[in-house]
Structure formats: C-alpha cells, structure tokens
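Please read them with the sequence and the coordinates open beside you.

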Amino acid sequence: MNHRLLYGSAAVSAITALAVVYGASHLGSQPANAQTSELTAYDSVNTAKAIAAANWSENVTITINDDDTFTYQSNGMPSHGFAEAYLIPKNVGSMPFSDNTVDEFDVEYSAEYFSETPLDQDITTLPIYIDATTDTSLGQIGVAISGAQIFNDYEDPGRTIAAMDDNIVFHDHVAFVDECNGHTLVNGTNYHYHGIPTCITEALDVEGEHSYMLGVLVDGFPVYANHDTGGEIIGDDALDECSGHFGPTPEFPDGIYHYHLTADDAPYMIDCYHGEVDAETASGGAQNPENGGGPDLSSAAETLGVTEAELLDALGGGGPPDFAAAATALGVSEDAIRAAMPAPPN
Ligand SMILES: [Zn+2]
Ligand SMILES: [Zn+2]
C-alpha cells in the first residue's frame, strides 16, 4: 500500500488530551461508572470521565458540561495527516466510482485543496440504550479523537454504494479514499472516515486487548475498531444490527453498550444508532449528504415553507439549479433559497 503514502502519520503517536475542562465538581457528584457487574445494556453509564481521559488529539478541545453533555470542538482536520492528493469526482452522481476512468476525476492536492471545518457540538455523557434503532444518515454520525468526523458506509442515501466496496479507485497512485479510510467532501471540507481509521487505531490499540475508544457517536455511545476482549477480531456476525454489543472495554471495565467498526464486510461502519438520538442529530446535522441522489432538500423546503417536491420542481432537473427562476416560481426571494439550500454534496 506504499502507493498511498500518508504523510505526518507519526503525529498520532504524540496525541495528547488537551484543555479538558470540568464543569464545577460535576463529576464528583455523579456516581460515574460506580455500578458493578450487574450492569445491563439498559443501565445508563456516565461517560464523562472516560471522555475527559480519552486520547483526543491536539486540535480537539473537550469540555465536560454541567448538563450531562460534553462539547467537542475541532478544526475538523485529522491529526494523522492525509494523502498528498485525492481523486475528486467531476460528477458526484456517477457512482460507483470504481468503474470510472481517470478523466472523470480531478486530482486535487490536499495541501491546497483541503480546508478546515470548525466543529462545535454537544454530545450526551449519559447515553440511553433503547430497543428501537434509528438509521444513521449520510453526513456526520460521530466524532473521532483525531479531530475528524465519522460517517457511515455509504455514499448515497439509498445505501447501495458502500464507500469501501464500490469506490476504491486509483489512478496514477492517487485514491478517492485514503489509506486511513478517509477523505473530504468534494469541496475539500469535512474530512471523514468510511472505514476503520487505521492511522488512529494502529497507534491507539494494544495487541491482545480490546480496542481503545477512537471516538463517540452522536448518540453518546463510544466506538472502537475491530478488536474485542483479548484482542480477538470481531466481525458483523457477532454484533447486533447496529454493529454494537454490550461488554467491557478498556475505558469501561464494568461494561457499556459500544460500537465496533469492522473490516470483514459491509457494514464497516455503523448503520443505525441503538442509543436515543433526536431526529435532527440523526439526520447528519450540518454536514449532511455526500454523493448521489442529490442533496437532502427536506430542511430547505421546510425553511422556505414549501414541500420538497415543490422545491425540486422549481429548481428544475439536471444542470446547475436556476435560483432566480425557482424564486419566482415559489414566490420567495433568491437570497432566501440560497440561504436555505444545503452545503454542496460530496
Ligand atoms: Zn465520503
Ligand atoms: Zn467490544
């Protein structure tokens, strides 16, 4: 795999927790992880101490809040560095990209193309396991200790294109997804992972042990690479429908519900949440859709007070949207449409 050279990969070994701020003696008043082995998946575990102690990289600031949340702030860039160049599809609808020829991509050099994505979000420190599951969406599903984001497997809302199976493509030693199973959206922002972020886990995990926490999903439950108790490789068949299970981890020796990213087959990432999560968070937040199927216009339509179908119709099919014509058709200002539209998709 030397053709996908990552630079700066040594940086991850120097990861240090930075600026962990506690809300006034909050932890002292909580029975954090004080329960014993009678814990079941249904008991809530306070994750604040483990979150505070995790190996967040230097570009991440973690603040433990008084309201049973923590705040994750990052510049969105992965601390482990990234490939020198990436294949950026000229037409994001032309998936799967593995079938595409070199002239269907631009080659962009990350030094010039990548840009920071300020992240500032609150995630619960009292995750609640529920029987019902909520599908993960395109866009962000969690945060990683490297400062980058965790996405699910897919590049399309219909879940037919798995990044790791269908979009692994190289032309002249340049890849769409890098050696760390990550890349940005097509506009160079929102670096994210679609598979085990090996640049993190190779530095973090210890042979013969359960993987260490590499991040947290937006429902508050921790996420790990594919080593279970004793360092055994765990695959999808040993996990529930959301690629999770209940058991001890290095940070939660009394047990907690947690997710495992896997390497054997899709889903490599997490297809659903088993924790309570609100609808807005579950929809991928501000980072929303990447490739294919067009952008998610539901929230834009809601903002504009029209139906999604009306908005789609007004924007017209094919080619760049005509905002002026859409504004006239919908009886709103052009600025209102531009403001309501989601960020460019990947
Ligand atoms: Zn992606
Ligand atoms: Zn486990």
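This is a predicted model: local features need pLDDT of at least 70, side-chain atom pairs count only at pLDDT 80 or more; totals for chains, interfaces and linings use all residues.

1. In helix α8, which spans residues 323-330, the residues Phe323, Ala326, Ala327 and Leu330 are buried. Viewed down the axis of α8, the buried residues fall within an arc of 105°, so they line one face of the helix. Thr328 and Ala329, on the other side of α8, are exposed. Helix α8 also holds Ala325, which at a relative accessible area of 38% is partly exposed. The C-alpha atoms of Ala325 and Ala314 are 7.2 Å apart in space, the two residues being eleven apart in sequence. After α8 comes Gly331, with a positive phi near 70°.

2. How many disulfides does a search of the whole structure find? The search finds two, and with bonded cysteines counted along the chain their pattern is 1-2, 3-4. One of them joins Cys180 to Cys199, with 2.3 Å between the sulfur atoms. This pair links distant parts of the chain, since Cys180 sits in the loop between β11 (174-175) and β12 (182-183) while Cys199 belongs to helix α4 (residues 198-204), 19 residues apart. Both Cys180 and Cys199 are buried.

3. The other disulfide is formed by Cys242 and Cys272, whose sulfur atoms are 2.0 Å apart. The link of Cys242 and Cys272 is left-handed, with -110° about the S-S bond. Cys242 is in the loop between β15 (222-224) and β16 (244-247) and Cys272 is in strand β18 (residues 272-275), so the pair ties together parts that are 30 residues apart in sequence. Cys242 counts as buried at 0% relative accessibility, and Cys272, with a relative accessible area of 5%, is buried as well.

4. Which protein atoms are the donors of the zinc ion (ligand 2)? They are His210 (NE2), Asp228 (OD), His245 (NE2), His258 (NE2) and His260 (NE2), lying 2.1 to 2.3 Å from the ion, and along the chain the donors follow the spacing H-x17-D-x16-H-x12-H-x1-H. Asp228 lies in the loop between β15 and β16 and His260 in strand β17 (residues 256-260), so this pair ties together parts that are 32 residues apart in sequence. Asp228 counts as buried at 16% relative accessibility, and His260 is buried with a relative accessible area of 0%.

5. The count of aromatic pairs comes to twelve. Among them is the edge-to-face pair of Tyr191 and Tyr193, at 5.6 Å centre to centre and with 85° between the planes; Tyr191 and Tyr193 are both buried. The rings of Tyr257 and Tyr259 have centres 5.3 Å apart and planes at 85°, so this pair is edge-to-face, and here too Tyr257 and Tyr259 are buried. Ring pairs also link Tyr191 and Tyr193 with Phe82, Tyr86 and Phe114 into a cluster.

6. The largest nonpolar core has 70 residues, of which Trp56, Phe70, Ile150, Tyr193 and Tyr259 touch the most other members. Leaving aside neighbours within four places in sequence, Ile150 is in contact with residues including Ile141, Val143, Tyr193, Leu214, Leu217, Val223 and Met269. Apart from this core lies another, of twelve residues, among them Val306, Leu311, Ala326 and Ile337.

7. Some backbone details deserve a look. The peptide bond from Met95 to Pro96 is cis, with omega near -5°, and Pro96 is found in the loop between β4 (85-89) and β5 (105-109). Asp68, a residue other than glycine, has a positive phi near 60°; Asp68 lies in the loop between β2 (60-64) and β3 (69-74) and counts as partly exposed at 22% relative accessibility. Arg159 likewise has a positive phi near 60°, and its place is in the loop between β9 (149-150) and α3 (163-166). Arg159 counts as partly exposed at 26% relative accessibility.

Methods:
Residues are numbered from 1 along each chain as its sequence is written. Chains are lettered from A and ligands numbered from 1 in the order in which they are written. Side-chain values use heavy atoms; hydrogens and water are left out. A disulfide is a pair of cysteine sulfur atoms within 2.5 Å. Helices (H or I, at least four residues) and strands (E, at least two) are DSSP runs, numbered from the N terminus. Buried means under 20% relative accessible area, exposed over 50%, partly exposed in between (1.4 Å probe, protein chains only). Donors are N, O and S atoms within 2.8 Å of the metal (3.2 Å for Na, K and Ca); water is not among the atoms, so sites may look incomplete. Rings of Phe, Tyr and Trp (its six-membered ring) pair if their centres lie within 6.5 Å; planes under 30 degrees apart count as stacked, over 60 as edge-to-face and the rest as tilted. The arc is that of the directions from the helix axis to the C-beta atoms. A nonpolar core is a set of buried Ala, Val, Leu, Ile, Met, Phe, Trp, Tyr and Cys residues joined through side-chain atoms within 4.5 Å. Contact means heavy atoms within 4.5 Å.
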